[in-house]
Amino acid sequence: GNAVVSINPLPTAFNVTGGGSFCSGGSGVTVSLSGSQTGISYQLFNGSTAVGLPLTGVGSSLDFGLQSTAGIYTVVATNATTGCTNPMTGHATVVTNTLPVAYNVTGGGNYCSGGTGVHVGLNGSTTGVNYTLYSSTATISTVAGTGGPLDFGLQTLASTYTVIGVNASTGCSQNMTGSATVATTPIVTPFV
């Protein structure tokens with residue numbers, strides 16, 4: 001007798017797209033599939049760990065949503081009827097960039113009207129991070145991190161000063177801890 005052998009096709013291989021880097025505490029980056037087949041199940045993996053539930057193909061691209069766990073993401077397609085599986089082409093890499101270290105804002109205080117002002121700085125800094133000093137109304141100046149304490153110089157504007165550090169290569173930013181207040185003491189004219 002003759003045996004009938006049927007060969008089931010593998011699910012079509014589509015490209016895994018997306019990924020990238022994001023700052024720690026952010027919402028993550030999207031991982032997608034360039035296409036899909038109706039009725040085929042698509043499971044996202046980070047390494048060997050399944051992420052979420054499988055998505056059912058719709059005949060066009062699939063969005064697995066924002067992924068915030070670092071790793072290498074792949075997708076495996078499964079035809080539930082035939083049991084045939086096929087890994088999708090390529091992968092998406094997700095990288096989490098750390099935020100700059102939060103150093104303490106230093107300085108501030110009172111100075112006499114007409115005087116030279118008071119220093120505002122940071123008790124530390126990181127190379128590769130740019131630190132911007134802000135008053136309550138304006139951007140004052142930006143200083144590159146040195147690996148040690150920073151001095152933004154003498155400040156004469158009566159205000160509350162804060163500092164934000166931005167990593168020059170990743171763009172990740174962090175508010176520095178605390179603030180410095182600068183106040184002017186008026187010159188008192190004595191009565192004769």
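Visitor: What does the side chain of glutamine 43 reach?

Guide: The side chain of glutamine 43 reaches the backbone oxygen of valine 51 at 3.2 Å. This is a predicted model, and the distance is computed from its atoms. The backbone oxygen of glycine 52 is also reached by that side chain, again at 3.2 Å.

Visitor: Where is glutamine 43 placed?

Guide: Glutamine 43 is in strand 4, which covers residues 41–46.

Visitor: Buried or exposed, that glutamine 43?

Guide: Glutamine 43 counts as buried, because its relative accessibility is 12% and the cut-off for buried is under 20%.

Visitor: Which residues does glutamine 43 touch, not counting those up to four places away in sequence?

Guide: Glutamine 43 touches Ala50, Val51, Gly52, Leu53 and Pro54, and also Thr74, Val75 and Val76. Valine 51 and glycine 52, whose backbone oxygens the side chain reaches, are among those contacts.

Visitor: Changing topic. How many disulfides does a search of the whole structure find?

Guide: The search finds 1 disulfide. It joins cysteine 23 to cysteine 172, with the sulfur atoms 2.1 Å apart.

Visitor: Left-handed or right-handed?

Guide: The link of cysteine 23 and cysteine 172 is left-handed, with -100° about the S-S bond. The pair links distant parts of the chain, 149 residues apart: cysteine 23 sits in strand 2 (residues 20–23), and cysteine 172 in the loop between strand 16 and strand 17 (173–175).

Visitor: And the relative accessible area of cysteine 23?

Guide: Cysteine 23 has a relative accessible area of 24%, so it is partly exposed.

Visitor: What about cysteine 84, buried or exposed?

Guide: Cysteine 84 is buried, with a relative accessible area of 16%. Cysteine 112 is exposed, at 52%.

Visitor: How many bridges between strand 3 and strand 6?

Guide: Strand 3 (residues 29–33) and strand 6 pair over 4 bridges, in the antiparallel sense. Within strand 6, glutamine 67 is the bridge partner of valine 29.

Visitor: How many bridges join strand 10 to strand 12?

Guide: Strand 10 and strand 12 (residues 118–122) run antiparallel and are joined by 3 bridges. Valine 105 stands opposite leucine 122 in strand 12.

Visitor: And strand 11 with strand 18: parallel or antiparallel?

Guide: Strand 11 (residues 109–112) and strand 18 (residues 180–185) run parallel, joined by 4 bridges. Glycine 109 stands opposite valine 182 in strand 18. Strand 16 (residues 159–167) is joined to strand 18 by 3 bridges and runs antiparallel to it. There, tyrosine 161 has alanine 180 of strand 18 as its bridge partner.

Visitor: Back to side chains. Where is serine 125 found?

Guide: Serine 125 is in the loop between strand 12 and strand 13 (129–134). It is buried, with a relative accessible area of 3%. A polar atom of the serine 125 side chain lies 2.9 Å from the backbone nitrogen of threonine 146. Leaving aside neighbours within four places in sequence, the contacts of serine 125 include Tyr103, Tyr131, Gly145 and Thr146.

Visitor: Last one, the whole protein. How many helices and strands?

Guide: The secondary structure comes to 0 helices and 18 strands. The radius of gyration is 29 Å, well over the 16 Å that the globule rule gives for 192 residues, so the protein is more spread out than a compact globule. Its C-alpha atoms fill a box of roughly 130 × 30 × 20 Å along the principal axes.

Visitor: And what share of the residues counts as buried?

Guide: Of the 192 residues, 32% count as buried.

Note on methods
Residues numbered from 1 in each chain as written. Predicted model: local features only at pLDDT ≥ 70, side-chain atom pairs only at ≥ 80, totals over all residues. Heavy atoms only, no water. Helix = DSSP H or I, 4+ residues; strand = E, 2+ residues; numbered from the N terminus. Buried < 20%, exposed > 50% of the residue type's maximum accessible area, 1.4 Å probe, protein only. Polar contact = N/O pair within 3.5 Å; in protein donor to acceptor, adjacent residues only side chain to side chain. Contact = heavy atoms within 4.5 Å. Pairing = 2+ DSSP bridges. Disulfide = S-S within 2.5 Å. Rg over C-alpha atoms; globule rule 2.2 N^0.38 Å.
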